[in-house]
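Subject: A structure for you to look at

Hi,

Here is the structure I promised to pass on. Have a look at it first, and then read on below for what turned up.

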Amino acid sequence: MDIFGNFSELRGDKKTRRVTRGDDLDFSYSDVANTCLTRLEEKEAPPSSWAMKFLLVLAFSILVGRLFYLQVVHGGDNRKLAEGNRIRPRIIEASRGLVSDKDGVWLARNRPDFALAIYPSDLPKNKENREDVFSDLANITGLTPTEIRDLAAGNSRFFYDSIIIKDHLSHEETLILEEKIANLPGVFISEHSTREYVALPGLAHLLGYIGSVSPEDIENNPDYLLSDRVGKTGIEKVYEGYLRGQHGVEQIEVDSLGNVVRVLVQEENEEPTAGNDVTLYLDRDLQAKTAEYLRGGIEKAKELTGTEINAGVAAVMDVKTGGILALVSLPDYDNNIFTGKVSSGDYQRLIEDKSQPLFDRAIKGIYPPGSVSKIILAAAGLAEGTITPETAFDTPPAIEIGEYVFPDWKDHGPTNVERAIAESNNIFFYSLGGGFDKIRGLGIEKIKEYWQRFGLGVPTGIDLPGEASGLLPDAEWKKRVKNEPWYIGDTYHVSIGQGDLLVTPLQMLRATAVIASGGKLFKPGLVKHITAPDGRVVREYGGELADDQVVAPEIVATVGRGMRQAVTGGSARSLGDLPVTSAGKTGTAQFFDNQKTHAWFEAYAPYEDPEIAVLVLVEGGGGGNETAVPVAKEIMRYYFEQK
């Protein structure tokens, strides 16, 4: 009989329509009873149908009980839902990992922040009402309704995610805005965290900064949300996968304006997981002092040259691990301006600044190395048997080949390789590279081989993005690029670090560390270890070798003795009063059609048991002994006095 079907329809069982929270429940108990009696009168019940009567009463009782439960027990909840309340999943932001120096002193951390934001899912569904909200927001923020509309529309893939309209609100702004947006559906004040970086010279190039996700970020990482901030440059970018935590999810009930009514306790809720902390080899105080001394060297160079100089690099490496203790490129910038939405004016000023503060000269700048590259040529000559430690000959003031003259800066007289390094004897290295008198010369192919052994011509592998390779010229390159043959004069020029040879400061620091470490070529690194939120070390870095013996130990020792003589009686003798012994090599590299010179200096200390290697470059700074040596001297003095 279909009477059961009729009652089933009223009861709302699974066969038909289910009565749910939020359905229209305006009919009363008397309506239900009258309907049931009418249906019974329309049917002729057979006599003695007790089973049927029992089922009829049972069905009626279940229906009445269900209605009582919905309208009385949960009547208030259902009224709220009928008025527009919704259950929404909401993201619980995960805390980003911290970045600290070797002693655990913070370099990048999180701080509380407030922002004006919208939930597109809670905006009015009616187009006219939604446009009214956009118009009100435009009046509040200074954006146009179109800009706000585009932000909301661009979030279509992340319907339940929030969109930040204006961030970095002050406490006063927050209070004012809370009042203005009180009746705007889907608009709220977001409490989240933002990144803060320590104000330390040169650190912005290393740490980088975080910024809003791009379409490419989301395409490559489907887990990203449109409200996420991700690493854009530096350590923040390279270690994004470690620093970024895992967002949590909670189920909340919101009213028709998008205001949170309550947080629901459900199994679907997930707690956020904080990101891992990153600890660097960097010494925060040494970084500050290195920058201070480099600025001083740049100012001194201005006085000596009478030109406008403002750029340079200074770096310190642990020669036992390859860890970078300090790395400064000047001029620099404040990466805190990128933690929110950087203003177009600020960004324009940065990219139009002729001094290029965004450019990290330590790893991206390429320069002729001048005489600091002579340590590589000396090692190559000894390794190939072109010379021995005892080889000595009388070096004239210049070499003349036809109409071409290849001069030295003074007449050095009889010289061996150690003295040639100490006095930066150009004639000796012309001969070693291209040949002269009784020295047959290495030739460009062998020279290039040893440049490569010492790590030139390729990125060092430091954990920073965008590292340059430099340039190692040879006959094939010159023919391809300049459509010219290779001459002996080309070999002479590159033998003293001139010509078309180009290196980065970090490459030369690494090459210096080869001599300091007894012949090891390390992969330089900034990060020492990564730690989970529970304190467990997730990963350790350092000590990674690209080559465990570039040249034989006795060759390294010979080159080292030459660098030591540069301090005891050569071009770096001003380092003689340091609290520890040291070894070094100066360089003065011509550029700008030989009208200007870069000032270079490379060193390591202590000489007997080296701990650190130091590299200083002052762009256009004149002579290396005048400008770069004093900077390195103060860095080494500070380092060892602190120890």
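The buried residues of helix α21 are P505, L506, Q507, M508, L509, R510, A511, T512, A513, V514, I515 and A516. With 12 of its 12 residues buried, α21 is largely enclosed by the rest of the structure. The helix runs over residues 505-516 and spans 17 Å from its first C-alpha to its last, close to the 16 Å expected. After α21 comes G518, which has a positive phi near 85°.

Please keep in mind that this is a predicted model. Average pLDDT for the chain is 86, and 86% of the residues score at least 70. Residues 1-30 have a pLDDT below 50, though this stretch still has 47 contacts in the model beyond near neighbours in sequence. Residues 40-45 also stay under 50, with three contacts beyond four places in sequence. Where pLDDT is low, the predicted coordinates should not be read in detail.

Now for the chain as a whole. It has 643 residues, and buried ones make up 50% of them. You will find 23 helices and 23 strands. Of the contacts with a separation of 6 or more, 71% are between residues 24 or more positions apart. The accessible surface is about 30100 Å², and carbon and sulfur atoms account for 50% of that.

On the surface there is a nonpolar patch formed by F54, L55, L58 and I62, which together have about 390 Å² of accessible area. L58 belongs to helix α3, residues 50-73. Its relative accessibility is 40%, so L58 counts as partly exposed.

A few backbone details are worth a look too:

- The peptide bond from L330 to P331 is cis, with omega near 0°. P331 sits in the loop between β12 (324-330) and α13 (344-352).
- A605 and P606 are also joined by a cis peptide bond, with omega about -15°. P606 is in the loop between β22 (596-605) and β23 (612-618).
- D437 is not a glycine, yet its phi is positive, near 55°. This residue lies in the loop between α17 (426-434) and α18 (444-453), and D437 counts as exposed because its relative accessibility is 58%.
- F592, again not a glycine, has a positive phi of about 55°. Its place is the loop between β21 (583-591) and β22, and at 53% relative accessibility F592 counts as exposed.

Enjoy exploring!

Best wishes

Methods:
Residues are numbered from 1 along each chain as its sequence is written. This is a predicted model: local features need pLDDT of at least 70, side-chain atom pairs count only at pLDDT 80 or more; totals for chains, interfaces and linings use all residues. Side-chain values use heavy atoms; hydrogens and water are left out. Helices (H or I, at least four residues) and strands (E, at least two) are DSSP runs, numbered from the N terminus. The expected span of a helix is 1.5 Å times one less than its number of residues. Buried means under 20% relative accessible area, exposed over 50%, partly exposed in between (1.4 Å probe, protein chains only). pLDDT is the predictor's confidence in each residue, from 0 to 100. Contact means heavy atoms within 4.5 Å. Patches are made of residues with over 30% relative accessible area and no salt bridge: like charges are joined within 9 Å, nonpolar side chains (Val, Leu, Ile, Met, Phe, Trp, Tyr) within 5 Å. Accessible areas come from the Shrake-Rupley method with a 1.4 Å probe; for residues, only the protein chains shown count as cover. A salt bridge is a side-chain nitrogen of Lys or Arg within 4 Å of a carboxyl oxygen of Asp or Glu.
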